[in-house]
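Please look at the sequence and the structure below.

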Amino acid sequence: MDHAEPVNDAEPAPPAPPVGLTRTGSVLHVRLNPSAQDDDVLSSAVMDGLIAVLDGLHEQPDIQVLVLSSLGKDFSLGGDRKEYQETLAVDPTGAATRRIADKAHRLCQALENTHAVTIARLHGKVIGAGLGLAAYCDLRAGADTSRFRMPEIALGMAPTWGGAMGRLIAEAGAARVRELLLTCEEFDAPTAHRLGLLHKVAPLDELDDAITAWTRPLARRSPQALVLTKHMLAGYAKAARTTDTALLDSHLLAAQLAQPR
């Protein structure tokens, strides 16, 4: 007698979102969710998720602080080079790759321009585009075990992600950023602190307390004073980038990737 195979009517579980959100009062915690992807990289889906969150803040003026962190082993290993290559294979003109790179620029501008004070909570490796993303946050705290690197030249590329070079120079100074970009040397959390890329360094198990020491008083501040001060600071930072070529980054990236190696 034949036995019918059991039918599994259960629907597949929906994919995990690229970012997770938790709100406590006027503080929004945004966590990169690497379980939704193969690695702790800034894929197109992750950037879309972050842009959607930041765009949504326009309708949530009562959110005064945004804390950006990651649920992965590392904060971020940088841009998704696999996605770039796959996109170029489908569209050799580079147009699709430029659209992905343009998202990086929109994301960084959204971070800089949002009314909320943005805080980066960094741990593990913070590499390339991940460091650029963190640099666009207003405040940055990192675990004392964090490691940082700008590896673009070692990968045969110029640094062309989101206009991050201009922001890094504004935050840490041209001389030191020049050294780190040209040598591609890894550096530790104390060095990042000396450069101004980190405002606080703490043991990993005390990092959340260090973040809370910022969020609690910020949540009590006058929203109007916070917004005005943030926009004033952003204005001065942008004034230091009067020849900012960030809008060319997507074209430069696509052109570099399309070159035969």
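Q: Why are strands β4 and β6 called a pair?
A: Two strands pair if DSSP finds at least two bridges between them, and strand β4 (residues 117–122) and β6 have four bridges in the parallel sense, so they count as a pair. In this predicted model, local features need pLDDT of at least 70 and side-chain atom pairs pLDDT 80 or more, while totals for chains, interfaces and linings use all residues. Residues are numbered from 1 along each chain as its sequence is written, and side-chain values use heavy atoms, without hydrogens and water.

Q: Which residue of β6 is the bridge partner of Leu-122?
A: The partner of Leu-122 in β6 is Gly-142.

Q: What makes β6 and strand β9 (residues 200–202) a pair?
A: These strands run parallel and are joined by three bridges, with Lys-200 of β9 as the bridge partner of Ala-141.

Q: Why is strand β6 (residues 139–143) described as largely enclosed by the rest of the structure?
A: Four of its five residues are buried, where buried means under 20% relative accessible area, exposed over 50%, and partly exposed in between (1.4 Å probe, protein chains only).

Q: Why is Tyr-236 called exposed?
A: Tyr-236, which is found in helix α9 (residues 223–239), has a relative accessible area of 63%, and because exposed means over 50%, the word applies to Tyr-236.

Q: Which residues of α8 are buried?
A: In α8, the buried residues are Leu-207, Ala-210, Ile-211, Trp-214, Thr-215, Pro-217 and Leu-218; helices (H or I, at least four residues) and strands (E, at least two) are DSSP runs, numbered from the N terminus.
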